[in-house]
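Here are my notebook entries from an afternoon with this model.

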Amino acid sequence: MKAIFVLAALVAVATASFIPAPVPTRGLKDDLQDFVNLLPVDKLTDLVVRYFTTDKEFQEAFAYLQGEEFAAVWDQFFALKEVKDVLNYLEGAGLEVYELLNQVADFLGVSHVKPTRGVKSLKAGGLSAFVDEALALLPLKELKALYEEKLKTSPEFKAFFDKLFSADFQKLVDFYQNSKEAQAMVQKLREHGVDVDKFFELVAGFFGWGF
């Protein structure tokens, strides 16, 4: 039962406490806090606890995240220079992103990410159904409208997304294609009914990356 409460706490931390307390001058962390404020934290936390306690497929998927195969993917992904650059950018903007990631790392039993210097009834069940329900809780129209507003009104927010848009997508493609652990993880997600290919297409389309 301890794992349930820790998992619920991580959801709350990731959504509500990811951004440090506001400071008098606005910055990127304040822009991202505006997005966090739109999220139904209590409902998302309840959803995670419900699936974790009642859904066998979700429990199996979670157990995979605590295994050696996922630990290897975690290490390889966060060793990528492009990923480190984004994390360092966020940390430099005042977001305690390494602290949050390492809370997740401690819970999953994987390596810390070190900074570089410089009840509603369940649907079909399983990880796919959990993702569908979680997405259904998100105020997507409001998030999209806020995103477009921030691009126009916040130089710090626009600079952050310019950083993401300029990332070398080919390095991520190479990692995805050449890591046997990453390929195994993707296959596990497919077995759980998650449309991984559609997810990658959405991300690539959003950032203007080509395959």
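**Conventions.** I call a crossing left-handed if the near helix is turned anticlockwise from the far one by less than a right angle, and right-handed if clockwise. Helices (H or I, at least four residues) and strands (E, at least two) are DSSP runs, numbered from the N terminus. I kept in mind that this is a predicted model, where local features need pLDDT of at least 70 and side-chain atom pairs count only at pLDDT 80 or more, while totals for chains, interfaces and linings use all residues. Residues are numbered from 1 along each chain as its sequence is written, and side-chain values use heavy atoms, with hydrogens and water left out.

**Entry 1: overall make-up.** I looked up the elements and found 13 helices and zero strands. I then checked burial, where buried means under 20% relative accessible area, exposed over 50% and partly exposed in between (1.4 Å probe, protein chains only). Of the protein's 211 residues, 41% count as buried.

**Entry 2: helix 5 with helix 7.** Two packed helices are described by the angle between their axes and the distance between the axes. My axes are lines fitted to C-alpha atoms, for helices over the stretch in contact, with angles from 0 to 180 degrees between N-to-C directions. I found that helix 5 (residues 68-79) and helix 7 (residues 97-108) have axes that come within 12 Å and cross at roughly 160 degrees. For naming angles, I used under 35 degrees for roughly parallel, over 145 for roughly antiparallel, 65 to 115 for roughly perpendicular, and oblique for the rest. Helix 5 and helix 7 are therefore roughly antiparallel, and their crossing is left-handed. The contact (heavy atoms within 4.5 Å) takes in Phe70, Trp74 and Phe78 from helix 5, and Leu101, Val104, Ala105 and Leu108 from helix 7. I sorted residues by class: Ala, Val, Leu, Ile, Met, Phe, Trp, Tyr, Cys and Pro count as nonpolar, Asp, Glu, Lys and Arg as charged, and the others, Gly among them, as polar. The contact of helix 5 with helix 7 has seven nonpolar residues, with no polar and no charged ones.

**Entry 3: the core.** Which residues touch the most other members of the largest nonpolar core? I took a nonpolar core as a set of buried Ala, Val, Leu, Ile, Met, Phe, Trp, Tyr and Cys residues joined through side-chain atoms within 4.5 Å. The largest one has 45 residues, and Trp74 and Leu87 touch the most other members. Helix 7 gives the most to this core, with six residues. Leaving aside neighbours within four places in sequence, Leu87 is in contact with Phe78, Val97, Tyr98, Leu101 and Val113.

**Entry 4: helix 10 and its partners.** I looked next at helix 6 (residues 81-92) and helix 10 (residues 155-165), whose axes come within 10 Å and cross at roughly 170 degrees. That makes helix 6 roughly antiparallel to helix 10. Helix 6 brings Asp85, Val86, Tyr89 and Leu90 to the contact, and helix 10 brings Glu156, Ala159, Phe160, Lys163 and Leu164. By class, I read six nonpolar, no polar and three charged residues in the contact of helix 6 with helix 10.

Helix 2 (residues 28-36) packs on helix 10 at about 85 degrees, with the axes 8 Å apart. Helix 2 and helix 10 are therefore roughly perpendicular. Their contact is made by Leu28, Asp31, Leu32 and Phe35 of helix 2 with Glu156, Phe157 and Phe160 of helix 10.

**Entry 5: single residues.** Is leucine 90 buried or exposed? Leucine 90 is buried, at 9% relative accessible area. Not counting residues up to four places away in sequence, leucine 90 touches Leu28, Leu95, Val97 and Phe160.

Alanine 129 lies in helix 8 (residues 126-137) and counts as buried at 5% relative accessibility. Glutamate 191, in helix 12 (residues 180-191), counts as exposed at 56%.
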